[in-house]
Amino acid sequence: MPQPCNVVIFGASGDLTYRKLIPALYNIAADGDLPAALSVVGFARREKSDDSFRAELKEAVGKHSRQGLNEELWESFSERLFYHRSEFGDLDGYKKLAERLDQLDAERNTGGNRLFYLSVAPSEFGGILEKLAEVGLNKARDGAWSRVIVEKPFGSDLPSAQELNTIVDTVFQEQDTYRIDHFLGKETAQNIMVLRFANSIFEPIWNSRYIDHVQITASEPLGVEARGPYYESSGALRDMVQNHLLQLLCLVAMEPPTDLKADSVRDEKVKVVRALRPMSPEEVGENVVRGQYAAGAINGKEVIAYRAEDRVSRESMTETYVALKVHVDNWRWADVPFYVRVGKRLPKGGTEIAVQFKNAPSVLFNKDAAAVGPNVLVIRIQPDEGISLRIQAKRPGAALRVEPVKMDFHYGTSFGKASPEAYERLLLDAMSGDATLFARRDEVEGAWRFIDRIEEAWHKNETPPPLCEYEAGSWGPTEADDLLARDGRAWRRM
Amino acid sequence: MPDSLDTSALGMPVELGQIGRDLKKLWDRDAGATTRASLINFAVHCEGSGTMSANTELIMELTREHACRAILICCEPTAPEARVRAWINAHCHLSRAGAKQICCEQISFLFEGDTQNRIANIVFSNLDSDLPLHLWWQGVFPDPIDEELWARVDRLIFDSQAWTSPRPQFTRLKDSLTHANSRLTLCDLNWTRSLHLRQALAQMFDHPENLDVLANLQTITIAHAPEYRSTAILLTGWFAAQLGLEFTRADGTGFIFQNAVGGDTRIAIKLEAGRSISRCELASDRGGVQMQRDAAGDFFRVEVRLPGDRTYHHLLPAGSNSTSSLLLEEIGGGGQHRVYLKALAAAEPLL
């Protein structure tokens with residue numbers, strides 16, 4: 001159960017607060033799940049009053065809340081919103097914050113519980129945490145708690161992640177540190193474990209004996225928009241694969257945990273990360289394709305090349321697409337490749353996991369292997385969350401003709417109620433002290449260890465693999481198709 | 001392009017980036033009363049906005065038997081303004097059980113001006129995932145073809161009968177497909193057109209006694225309507241491929257092949273008024289088979305002549321030559337069309 005607390009958002013004038021965090025808290029309130037004793041303090045540099053902050057947030061909730069805006073509810077909810085102006089490095093600002101939180105504890109009976117949300121650039125983490133420690137806000141009073149939520153990117157490589165972790169660990173205990181990966185808050189991501197471990201039909205065939213390969217795709221038609229400078233320093237591999245996609249891979253590949261406690265689940269995920277087969281520079285050349293979008297068309301409109309985007313180098317070597325063939329070296333997944341791809345300016349937006357089973361034996365209906373396709377279980381993370389299973393069926397008629405058909409489950413139509421936004425679930429979990437859906441230090445560092453070898457092969461190698469160009473609006477570079485074609489496989493059609 | 005384009009049959013105009021959302025609204029609105037069904041993505045590529053209504057009618061007819069997501073792609077390259085417009089529509093039919101309507105969705109695109117390079121992206125972004133993609137390409141193929149699009153097509157439907165110069169079209173098709181690394185199945189409606197005739201002919205030789213006619217085959221005569229020479233040529237290719245005939249030469253009256261026993265077999269192609277293929281005769285010194293499409297066109301009247309003045313008559317269905325029937329036949333029939341590829345290879349020197 002979420003407990004009464006004061007939520008402090010650092011970087012409260014940023015986009016995330018307006019588009020995700022406050023609408024999420026509002027929706028939790030609309031669902032009746034927000035603790036009655038809860039206040040939110042926005043901490044940022046810009047000059048604002050509580051009233052002007054609330055007015056801006058009202059507009060944002062009207063735009064971004066999945067339940068729309070109810071005036072009466074907003075009146076009640078907005079009374080819990082406050083704004084605290086301060087520089088991140090100004091100790092005096094933190095002292096005043098501590099006083100204000102004490103005052104809110106007294107006024108609103110929030111019990112001394114504090115949840116600090118760092119919605120700021122990683123370069124600000126150290127300074128903010130240091131100041132929180134200096135004024136003692138990292139230490140909870142008896143019977144209360146003090147937790148910190150850290151937004152991605154959590155480092156840009158293993159050394160920087162370790163450094164950040166060390167900074168966080170000196171101020172907060174690991175059990176009070178919540179590294180957020182919003183993909184894990186999505187209903188379908190949570191449903192992966194339910195699908196696997198609450199149904200008896202899947203787990204017996206969830207292994208190399210029956211599964212041919214797994215494809216994980218995150219595609220979007222958008223370009224870098226206004227994020228050019230950030231993207232230039234990260235690229236698709238760091239921005240998406242290191243966190244979101246490896247997290248999904250872990251959920252698909254992990255062993256059943258002994259129970260559903262946060263550490264039991266995270267222990268199993270860490271084992272997967274450790275089992276990822278590291279790649280040598282040569283193997284990176286063979287198993288990883290990086291690409292960058294050229295000019296093209298999306299939804300009938302001409303779009304510019306990545307290198308022509310605002311605040312992007314005209315000679316940029318940043319990848320906007322990456323496809324990898326990954327092996328998980330354990331008993332369950334021996335010789336089962338995981339093909340992972342992510343890209344911008346692709347035809348369709350969506351994140352999906354496709355588990356492709358081995359072909360039926362080449363007898364009876366499957367004598368002609370090309371005529372009968374494999375069974376494919378697709379887990380749609382977003383949009384249109386759901387699960388589909390492709391099976392073969394006989395077409396009615398005298399002739400024996402086998403055709404693929406799709407059994408489809410949609411969250412939206414099956415349960416009627418709209419799925420909560422990922423941030424709603426994650427904020428509730430953090431208030432409840434459940435870290436299952438948050439990344440642990442060893443997970444994050446293990447993922448960076450794997451990713452760094454690829455980055456090094458690209459950027460610290462005398463003969464780096466090429467950066468392939470693909471037309472915006474296409475399904476990525478042809479080299480990515482070749483990556484699977486070499487194994488006699490193809491990317492599934494989304 | 002005429003300003004007065006009648007788009008009423010195409011349904012509701014939608015923004016290109018919002019098609020998925022608007023389709024969802026369409027289904028949410030009728031939830032409970034209808035069931036959306038789809039087994040394939042059926043894309044239709046046509047030229048000229050004036051063909052959109054007729055194609056929509058065809059699609060509607062098709063969806064009665066084949067649940068699909070239909071994607072109509074119409075190009076109007078001479079339009080002054082470069083733009084792409086879209087509409088969504090649903091074709092609903094009462095299910096056999098009668099309780100619910102089974103509905104298929106149609107997304108229509110009109111590519112005006114110089115916008116044809118956007119086709120692949122728009123098709124990809126509107127496919128029903130994990131379902132096969134059938135592309136019906138009306139008219140002649142572009143040069144070069146869009147490799148990205150074709151590399152993702154499972155079945156390419158076309159009608160070689162409509163081509164005025166079939167040989168360069170087939171050559172372009174084969175070369176392009178090799179280059180595009182495509183494994184699609186070629187579905188030539190011109191081949192489907194002769195399906196019933198081929199089936200009827202083959203059926204005549206199910207009886208072992210009749211096989212002697214084939215073993216000593218001397219002449220085959222195929223009579224075709226004026227616009228159906230290519231249908232007759234494909235049929236000739238079928239005979240050659242299935243009977244192991246080697247093309248040696250052509251003369252004024254037909255094609256000469258060397259048969260399996262080293263003799264000559266002549267296949268004569270004759271122009272006659274009537275249906276696409278109105279008559280087909282096989283003759284040998286051991287008898288013959290004559291197939292004649294009856295006046296109404298619905299049946300083949302078949303006569304089998306065997307030694308000893310024995311004659312047998314049969315009446316077999318001839319099928320329909322309408323485009324919708326051919327499409328229904330093609331989509332319902334499926335298969336890899338390996339015999340077609342063999343027939344095409346044998347027919348190529350004759351084109």
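Colleague: How many residues of chain B are in contact with chain A?

Modeller: Contact here requires that the C-beta atoms of two residues, placed from the backbone, lie within 7 Å. On that basis 21 residues of chain B are in contact with 24 residues of chain A. Helix α3 (residues 119–124) of chain B gives the most to that side of chain B, with four residues. Helices (H or I, at least four residues) and strands (E, at least two) are DSSP runs numbered from the N terminus. The side of chain B that touches chain A has nine nonpolar, eight polar and four charged residues. Ala, Val, Leu, Ile, Met, Phe, Trp, Tyr, Cys and Pro count as nonpolar, Asp, Glu, Lys and Arg as charged, and the others, Gly among them, as polar.

Colleague: What kind of model is this?

Modeller: This is a predicted model: local features need pLDDT of at least 70, side-chain atom pairs count only at pLDDT 80 or more, and totals for chains, interfaces and linings use all residues. Residues are numbered from 1 along each chain as its sequence is written, while chains are lettered from A and ligands numbered from 1 in the order in which they are written. The predictor gives the complex an ipTM of 0.75 and a pTM of 0.84.

Colleague: Is strand β12 (residues 337–344) of chain A largely enclosed or exposed?

Modeller: A residue is buried if 20 or more other C-beta atoms lie within 10 Å of its own, exposed if 12 or fewer, and partly exposed in between. Eight of the eight residues of β12(A) are buried, so the strand is largely enclosed by the rest of the structure.

Colleague: Which way do its residues point?

Modeller: In a regular strand the side chains alternate between the two faces of the sheet. In β12(A), A:Pro337, A:Tyr339, A:Arg341 and A:Gly343 point one way, and A:Phe338, A:Val340, A:Val342 and A:Lys344 the other way.

Colleague: Which strands pair with β12(A)?

Modeller: Pairing needs at least two DSSP bridges between two strands. Strand β7 (residues 211–220) of chain A pairs with β12(A) in the parallel sense over seven bridges, with A:Gln215 opposite A:Tyr339. Strand β11 (residues 321–327) of chain A runs antiparallel to β12(A), joined by seven bridges; A:Tyr321 has A:Gly343 as its bridge partner.

Colleague: Where is A:Thr258 found?

Modeller: A:Thr258 is in the loop between α8 (228–253) and α9 (262–275) of chain A. A:Thr258 is exposed, with 10 other C-beta atoms within 10 Å.
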